[in-house]
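Here is a short tour of one protein chain, written for someone new to reading structures. Have a look at the model first, and then we'll walk through it piece by piece.

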Amino acid sequence: MDLAISLANNFLALLDAMAIYILIGLLIAGFLKQIVPDDFIIKHLGSGNISSVIKATIFGIPLPVCSCSVIPLAQSLRKEGASKGAVQSFLISSPITGVDSILATYSFFGWFFTIYRVVSSMIIAILTGIIQNIFDKEEKKVEEEETSSCSCHCSCSSQKPIKKPFSIKEVFSYAYVTLFKDMVKPLFIGLLFATLFTTLAPKEYTSLLFENQILTYFVIILFSMPLYICATASLPIAAALIIEGMSPGAAFILLSAGPATSLITMSVVYKSLGKTSLIIYLSVIAVLSLFFGYIFDTFFSNLQILNFSLEEENSSLISQLSSFIMLALMSYYLIKPWLKRKKESSCCSSGSCH
């Protein structure tokens with residue numbers, strides 16, 4: 001019974017720390033989706049120079065794109081003529097530094113770590129794009145033919161985009177349906193893992209695990225890169241690992257390398273951009289994540305970055321209300337598919353499936 005209470009308290013403490021910031025971040029993302037034209041990014045990322053890489057990185061930061069939809073969007077950018085470097089920069093900056101992720105990072109780790117994460121992620125994205133464009137082996141003749149073909153097609157068939165009317169309903173729909181539905185499973189798994197780890201993991205063993213700092217870095221990066229780790233959902237995991245003795249630099253590596261890479265992203269980069277691009281993409285992210293993690297631990301190890309405590313018993317009414325809303329949304333989106341499958345299964349068994 002005591003164990004169940006501890007698990008519930010820790011789960012709610014982690015949820016309470018981030019709920020209001022995620023809800024606000026999603027709302028801002030919903031407004032941005034209505035304000036930013038759909039073709040705004042594609043117009044600015046066509047050239048293979050440093051400017052396109054920087055633009056792709058900057059556009060990726062506040063852009064209201066969920067961690068799954070960034071992949072097809074990156075593919076469409078490439079088809080529309082965006083350079084390989086710009087596509088890679090966008091793939092890195094967008095999932096790591098989305099507006100909801102920035103606010104949620106602050107909720108756990110405070111402003112200093114949040115700013116450090118955003119700035120370093122921008123540097124990683126820009127350098128990856130620049131290096132990609134330097135090593136790009138595509139024939140200029142092929143590029144010119146593709147560009148010529150595209151410009152002809154565009155001039156013949158393009159129409160002035162219709163300006164979409166602002167809709168407050170669409171703001172909430174995109175924020176709390178489209179975006180939240182995409183993150184709900186990894187977010188719940190992240191909270192669950194963090195709760196189990198902080199409640200059950202014995203500190204004497206976890207401290208031994210994190211004793212060798214450099215070894216921890218490599219274990220974290222090998223663990224995080226192949227897995228699908230949502231930028232926001234990875235935050236409670238990182239917080240739980242810090243509570244158990246892991247260094248903030250290692251947490252930074254998890255939060256940097258994890259969201260930008262996964263087996264799905266690797267496969268898309270390989271198919272869309274080629275083998276060389278994939279090697280550059282993974283190598284630069286891994287090396288720079290390790291570098292920035294080491295820099296943080298070397299110069300800022302004395303900072304108390306955790307912005308919350310599991311021991312806190314009192315929280316504000318707004319935090320409690322936000323936690324309730326987020327818990328209700330999570331429950332709805334997690335249970336709804338299960339009920340739908342059960343209903344479909346019941347229909348088929350009764351012979352009315354056809």
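## Ground rules

A residue is called buried when its relative accessible area is under 20%, exposed when it is over 50%, and partly exposed in between, using a 1.4 Å probe and protein chains only. F11, for example, counts as buried because its relative accessibility is 12%.

The model is predicted, so local features need pLDDT of at least 70 and side-chain atom pairs count only at pLDDT 80 or more, while totals for chains, interfaces and linings use all residues. Residues are numbered from 1 along each chain as its sequence is written, and side-chain values use heavy atoms, with hydrogens and water left out.

## The whole chain

What is the chain built from? It has 14 helices and zero strands. Those names come from DSSP runs numbered from the N terminus: H or I for helices, with at least four residues, and E for strands, with at least two.

Of the 354 residues in the chain, 47% are buried. The accessible surface of the chain is about 18,500 Å², and carbon and sulfur atoms own 66% of that. Areas like this come from the Shrake-Rupley method with a 1.4 Å probe; for residues, only the protein chains shown count as cover.

Now for contacts, meaning heavy atoms within 4.5 Å. Take the contacts between residues at least 6 apart in sequence: 87% of them join residues at least 24 apart.

## Rings meeting rings

The structure holds 17 aromatic pairs. One of them is F11 with F188, an edge-to-face pair with 6.4 Å from centre to centre and 65° between the planes. This pair links distant parts of the chain, since F11 is in helix α1 and F188 is in helix α7, 177 residues apart. F188 is partly exposed, at a relative accessible area of 29%.

What counts as a pair? Rings of Phe, Tyr and Trp (its six-membered ring) pair if their centres lie within 6.5 Å; planes under 30 degrees apart are stacked, over 60 are edge-to-face, and the rest are tilted. There is also an aromatic cluster, with F108, F109, F112, F113, Y116, F252, F291, F292, F296 and F300 as its members.

## Inside the core

Which residues touch the most other members of the largest nonpolar core? Out of its 78 residues, they are F109, F180, L187 and M326. A nonpolar core is a set of buried Ala, Val, Leu, Ile, Met, Phe, Trp, Tyr and Cys residues joined through side-chain atoms within 4.5 Å. If you skip neighbours within four places in sequence, F180 is in contact with L26, A175, M326, L329, M330 and Y333.

L179 lies in helix α7 and is buried, at 6% relative accessibility.

## A helix wrapped up by others

Helix α10 is largely enclosed by the rest of the structure, because nine of its ten residues are buried. The buried ones are S234, L235, P236, I237, A238, A239, A240, L241 and I242. They pack against α1, α5 (99-134), α7, α9 (213-224) and α11.

After α10 comes G245, which has a positive phi near 115°. S247 sits in the loop between α10 (234-243) and α11 (248-260). Is S247 buried or exposed? It counts as buried, at 17% relative accessibility. Apart from neighbours within four places in sequence, S247 is in contact with Q213, Y217, I242 and D297.

## Out on the surface

F31, I35, F166, I168 and F172 make a nonpolar surface patch of about 490 Å². Patch residues have over 30% relative accessible area and no salt bridge; like charges are joined within 9 Å, and nonpolar side chains (Val, Leu, Ile, Met, Phe, Trp, Tyr) within 5 Å. A salt bridge is a side-chain nitrogen of Lys or Arg within 4 Å of a carboxyl oxygen of Asp or Glu.

At least two residues of the patch come from each of α1 (2-35) and α7 (168-200). I35 lies in helix α1 and counts as exposed, with 57% relative accessibility.
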